[in-house]
Amino acid sequence: MIKKNTLHQTKLARISLLFSSFVFCSSTASAQDVGEKLFLNNCAECHQRDGKGLPNIYPALAGSEVVRGSGVDVALVMLIGRGEMPSFADAITYEDMASIINYVRNAWGNNGKEISAQKISDLR
Ligand code: HEC
């Protein structure tokens, strides 16, 4: 009886371990979701949620040379602003900028290396 109980506990421990690794994995997967949400809140009004922008008004980020080129270039556009686009330097934290950049550089067929918040703050 005691043996059976221990076995049961080990099983429970294994299940909870499995469960916590599941939670852990889904929370890392949601880094992308955070970036997407921030993009929708801050950028999609102009660049559109599909990243295609509006012809002759807002450039597409999907397939953009700048976006595909380097995270630093995208960070500079966000920090400094460009033309009609406002600077986000005082509106968004470096962490959130990194999430947005990593999102746009890996959405809609783009495929770019990740940038860290530290790297962005070093640009200032
Ligand atoms: C008010 C509209 C507006 C918002 C909001 C906006 N942008 Fe822009 N964005 C523009 C315009 C307009 C340009 C083109 C500026 C120019 O070249 O004169 C641009 C250019 C860019 C470029 C350069 C693209 C290229 O291929 O040259 C990037 C990258 C970019 N925006 C990213 C973002 C991100 C990321 C956000 C959200 C944090 C954002 N933008 C929010 C209007 C906007």
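The model is predicted, so local features need pLDDT of at least 70 and side-chain atom pairs count only at pLDDT 80 or more, whereas totals for chains, interfaces and linings use all residues. Residues are numbered from 1 along each chain as its sequence is written, and side-chain values use heavy atoms, with hydrogens and water left out.

The iron atom of the ligand is coordinated by His47 through NE2 and by Met85 through SD, at 2.0 to 2.1 Å. Donors are N, O and S atoms within 2.8 Å of the metal (3.2 Å for Na, K and Ca); water is not among the atoms, so sites may look incomplete. Ideal angles for six octahedral donors are 90 or 180 degrees.

Histidine 47 is buried, with a relative accessible area of 10%, while methionine 85 is partly exposed at 24%. Buried means under 20% relative accessible area, exposed over 50% and partly exposed in between (1.4 Å probe, protein chains only).

Helix α5 (residues 94-104) has eight buried residues out of eleven, so it is largely enclosed by the rest of the structure. Helices are DSSP runs (H or I, at least four residues), numbered from the N terminus. Among the buried residues of α5 are Met97, Ile100, Tyr103 and Val104.

Arginine 105 lies in the loop between α5 and α6 and is buried, with a relative accessible area of 5%. Its C-alpha atom is separated by 8.9 Å from that of glycine 69, 36 residues apart along the chain. Beyond its neighbours within four places in sequence, arginine 105 is in contact with residues including Val67, Gly69, Val74 and Asn110, contact being defined as heavy atoms within 4.5 Å.

Tryptophan 108 also belongs to the loop between α5 and α6. Its phi is positive, near 50 degrees. Glutamine 48, in the loop between α2 and α3, has a positive phi of about 70 degrees. Most residues other than glycine have a negative phi.

On the surface, Leu76, Ile80 and Leu123 form a nonpolar patch. Leucine 76 lies in helix α4 (residues 71-80).

Note on methods:
Patches are made of residues with over 30% relative accessible area and no salt bridge: like charges are joined within 9 Å, nonpolar side chains (Val, Leu, Ile, Met, Phe, Trp, Tyr) within 5 Å. Accessible areas come from the Shrake-Rupley method with a 1.4 Å probe; for residues, only the protein chains shown count as cover. A salt bridge is a side-chain nitrogen of Lys or Arg within 4 Å of a carboxyl oxygen of Asp or Glu. Helices (H or I, at least four residues) and strands (E, at least two) are DSSP runs, numbered from the N terminus.
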